[in-house]
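Take a moment to look over the sequence and the model below. Then we can walk through them together, one region at a time.

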Amino acid sequence: MPPVPGLMQFILASESARRVDLLNSVGYRFQTVKSGFPEVDHEGDPERTVRENARGKAEAVSNMYPSDIVLGADTVVYLPEERETFGQAKEPDDVRRMLKRLQGRAHEVHSGVAVIRGNRILVRHARTEVRMRPLPERDIEAYVTFGEGVGKAGGYAIQGVAAVFVEGIIGDYTNVVGLPLSLAARMLEHVGVGWYE
Ligand SMILES: Cc1cn([C@H]2C[C@H](O)[C@@H](COP(=O)(O)OP(=O)(O)OP(=O)(O)O)O2)c(=O)[nH]c1=O
């Protein structure tokens with residue numbers, strides 16, 4: 001359903017099923033609008049990357065619906081030793097390549113969140129460390145065939161089958177899935193949107 005003109009609403013500037021599910025799971029009422037924002041990658045600076053992308057997505061939708069409240073988000077996976085950022089896996093080959101790099105070590109997941117209401121723009125960032133167990137070739141191939149990793153940052157979904165690859169995390173789990181809920185809720189509260197309404 002498109003946003004209704006004349007009535008102030010909360011809009012998620014995303015069609016990501018993960019972000020929709022997370023916000024729904026705690027009771028937010030919102031519409032979704034695809035931003036069409038072309039994502040940037042500042043090599044070696046995941047925080048800057050996700051902040052800028054979250055803001056760009058939110059601004060693009062806010063320009064279409066200036067009287068509504070808009071939230072945008074962006075998630076990347078980062079290997080600090082190599083200063084290497086992994087965006088979404090576009091095809092099975094990306095999933096294979098990314099998992100080979102991530103297995104047997106720890107990496108970081110960074111999400112940016114931007115909230116816009118009129119002239120107010122809030123932009124914040126969350127980081128979670130994820131430790132993946134060593135993965136034999138056959139596990140990686142089985143996961144590639146399973147198909148879940150395409151469309152996910154870093155080529156895996158912690159909320160899916162890839163849970164069996166993750167030994168532990170430090171930080172907010174929902175950040176890894178695509179939207180740090182605790183952070184987003186505090187930001188939304190600042191602009192008058194509550195999860196309980
Ligand atoms: C690491 C990880 C990422 N992801 C997902 C969340 C995000 O949807 C995706 C990262 O891509 P993004 O570019 O952040 O978002 P998107 O293109 O899916 O959606 P939009 O730009 O419309 O908001 O990876 C998981 O679902 N599970 C995981 O464990």
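## The chain as a whole

First, a caution: this is a predicted model. The protein chain has six helices and seven strands, and if you read along the sequence they come in the order β-α-β-α-β-β-α-β-β-α-β-α-α.

How does the overall size compare with that of a compact globule? For 197 residues, such a globule would have a radius of gyration near 16 Å, and the 17 Å of the protein chain agrees with that. Along the principal axes, the C-alpha atoms fill a box of roughly 55 × 30 × 30 Å.

Buried residues make up 43% of the 197 residues. Among contacts in the protein chain with a separation of 6 or more, 68% join residues 24 or more positions apart.

## Around the ligand

The ligand has 22 residues around it, and the ones that come nearest are S14, S16, A153, I158 and G178. Sorted by class, the shell holds nine nonpolar, seven polar and six charged residues.

Which elements supply at least two residues each? They are helix 1 (17-25), strand 3 (69-79) and helix 5 (173-177). Strand 3 gives the largest share of the shell, with four residues.

An α-helix has 3.6 residues a turn, so residues three or four places apart point the same way.

Just after helix 1 comes G27, with a positive phi of about 100°.

## Helix 4 and V144

Now for helix 4 (residues 137-146), where V144 lies. Buried here are I140, Y143 and V144. Why do they share one side of helix 4? They cover an arc of only 100° around the axis, so they end up on the same side. R138, A142 and T145 are exposed on the other side of helix 4. Helix 3 (92-102) is part of what covers the buried residues of helix 4.

Is V144 buried or exposed? It counts as buried because 21 other C-beta atoms lie within 10 Å, and the cut-off for buried is 20 or more. Leaving aside neighbours within four places in sequence, V144 is in contact with P92, V95 and R96. V144 and E91 are 53 residues apart in sequence, yet their C-alpha atoms are 9.3 Å apart in space.

Helix 4 is followed by G147, whose phi is positive, near 90°.

## R83 in its loop

One last stop is R83, found in the loop between strand 3 and strand 4 (84-86).

Notes: Residues numbered from 1 in each chain as written. Predicted model: local features only at pLDDT ≥ 70, side-chain atom pairs only at ≥ 80, totals over all residues. Near = placed C-beta within 6 Å. Nonpolar A, V, L, I, M, F, W, Y, C, P; charged D, E, K, R; others polar. Rg over C-alpha atoms; globule rule 2.2 N^0.38 Å. Buried ≥ 20, exposed ≤ 12 C-beta atoms within 10 Å, placed from the backbone. Contact = placed C-beta atoms within 7 Å. Arc of directions from axis to C-beta.
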